[in-house]
Amino acid sequence: MSFTNQIQAVAYCRTPYKQKFGIPRQPGLVTAARGFVELAAPFNHIDAVRGLEQYSHLWLLFCFHENLAQGWKTTVRPPRLGGNEKLGVFATRSTFRPNGIGQSVVKLHAVHTHNGKVSLEISGMDLLDGTPIVDIKPYIPFSDAVVDAAGGIAQDAPILAKVTFNKQAQQQLQQYQSKPQYPALAELIEGVLAQDPRPAYKKAKADPKVYQVALYDLDILWLALPEGIEVIELRPSQ
Ligand code: SAM
């Protein structure tokens, strides 16, 4: 059965994440990721967010718009299980879902209004830049936080890799992080790479490949060494 109401974007998310590779797999894992939820017409009215500033966190309901064309699958292979074992789509947080809807709790820093535009300053998101937001709701701790809940295959946060910068990358980092368009750049790179974004089957093996993640308008090049992740270059995205 389909609905009569059309679902439409109420906002778009602006984030440092310019490509899917490297985005944390859940919110709150990389708190240095700062961004904005920019309300879209006709919802970009200050009255629509009146009272929201009383909350520290928000639920964002959004569309996995980059994966919609690929449709959905009954079973998926969660990265947590090394990409080998299959689970039902509704038993996972896979992006290949029948309605392509995602949900994330993010920290709310401020509600901004400027020239008739409304935007919410947030952090900790796991969303691609430009993601359409289909609803925004306050996070309500007494009801939403279930402290003794069973977390299935995702009971604990992922184990973090050690991240270092080689000499060249350190110098480049110094240069970029002094610019206001790259807030908390060092923490952002460390937080993203500590998740080791490589596919699970690669993680246990020697890996000579140079990997790249895109943050803001920078490409971050890195190696996966036996002792951890080494950032080797920061350069403007092509
Ligand atoms: N927290 C959400 C949830 O549980 O519904 C999303 C979890 S999903 C596993 C997170 C991944 O979605 C990110 O690592 C990124 O690769 C992917 N992603 C984020 N925004 C996306 C978008 N707009 N379109 C497609 N994939 C997206």
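Guide: The conversation below goes through this structure topic by topic.

Visitor: Before we start, what kind of model is this, and how are residues numbered?

Guide: This is a predicted model, in which local features need pLDDT of at least 70, side-chain atom pairs count only at pLDDT 80 or more, and totals for chains, interfaces and linings use all residues. Residues are numbered from 1 along each chain as its sequence is written.

Visitor: Which residues come nearest to the ligand?

Guide: Glu 66, Arg 93, Gly 102, Leu 128 and Thr 131 come nearest, out of 19 residues around the ligand. A residue is near a molecule or strand if its C-beta atom, placed from the backbone, lies within 6 Å of it.

Visitor: And how do the residues of that shell divide into nonpolar, polar and charged?

Guide: The shell has 6 nonpolar, 8 polar and 5 charged residues. Here Ala, Val, Leu, Ile, Met, Phe, Trp, Tyr, Cys and Pro count as nonpolar, Asp, Glu, Lys and Arg as charged, and the others, Gly among them, as polar.

Visitor: Which strand gives the largest share of the shell?

Guide: Strand β6, residues 101-114, gives the largest share, with 3 residues. Strands (E, at least two residues) and helices (H or I, at least four) are DSSP runs, numbered from the N terminus.

Visitor: Which strands does β6 pair with?

Guide: β6 pairs with β3 in the antiparallel sense over 7 bridges, and Trp 59 stands opposite Val 105 of β6. β6 is also joined by 7 bridges to strand β7 (residues 117-123), again running antiparallel. Two strands pair if DSSP finds at least two bridges between them.

Visitor: What is found between β6 and β7?

Guide: The hairpin of β6 and β7 has 2 residues between the strands, and Asn 115 takes a positive phi near 50° there.

Visitor: Changing topic: what does UniProt say about residues 7-148?

Guide: An unreviewed UniProt entry carries the annotation "domain: TsaA-like" for residues 7-148. UniProt positions are given in the numbering used here, feature names are shortened, and annotations may be inferred rather than shown by experiment. In the model, the span 7-148 is 3% helix and 35% strand, and its end C-alpha atoms lie 34 Å apart.

Visitor: Which residues touch the most other members in the largest nonpolar core?

Guide: Val 37, Ile 133, Ile 189, Leu 215 and Ile 220 do, in a core of 40 residues. A nonpolar core is a set of buried Ala, Val, Leu, Ile, Met, Phe, Trp, Tyr and Cys residues joined through C-beta atoms within 7 Å. A residue is buried if 20 or more other C-beta atoms lie within 10 Å of its own, exposed if 12 or fewer, and partly exposed in between, with C-beta atoms placed from the backbone. Helix α3 (residues 185-194) gives the most to this core, with 5 residues.

Visitor: Why does the core lie between domain 1 and domain 2?

Guide: The core lies between them because domain 1 (11-152) and domain 2 (163-236) both give residues to it. Domain bounds come from an automatic or database domain assignment.

Visitor: Which strands pair with β11?

Guide: Strand β10 (residues 210-215) pairs with strand β11 (residues 218-225) in the antiparallel sense over 6 bridges, and Val 210 has Leu 223 as its bridge partner. β11 and β12 are also antiparallel, over 8 bridges, with Ala 224 standing opposite Ile 229. A hairpin of 2 residues joins β11 to β12.

Visitor: Does β12 run parallel or antiparallel to β9?

Guide: Strand β9 (residues 163-165) and strand β12 (residues 228-236) run parallel, joined by 3 bridges. Thr 164 stands opposite Glu 230 in this pairing.

Visitor: Is Tyr 216 buried or exposed?

Guide: Tyr 216 counts as buried because it has 20 C-beta neighbours inside 10 Å. Tyr 216 is found in the loop between β10 and β11, and has a positive phi of about 50° although it is not a glycine.

Visitor: What about Ala 184?

Guide: Ala 184 is not a glycine either, yet has a positive phi of about 50°. Ala 184 lies in the loop between α2 (167-177) and α3, and counts as partly exposed, with 17 C-beta neighbours inside 10 Å.

Visitor: Lastly, where is the cis peptide bond?

Guide: The cis bond joins Ala 41 and Pro 42, with omega about 0°. Pro 42 lies in the loop between β2 (34-39) and β3 (57-63).
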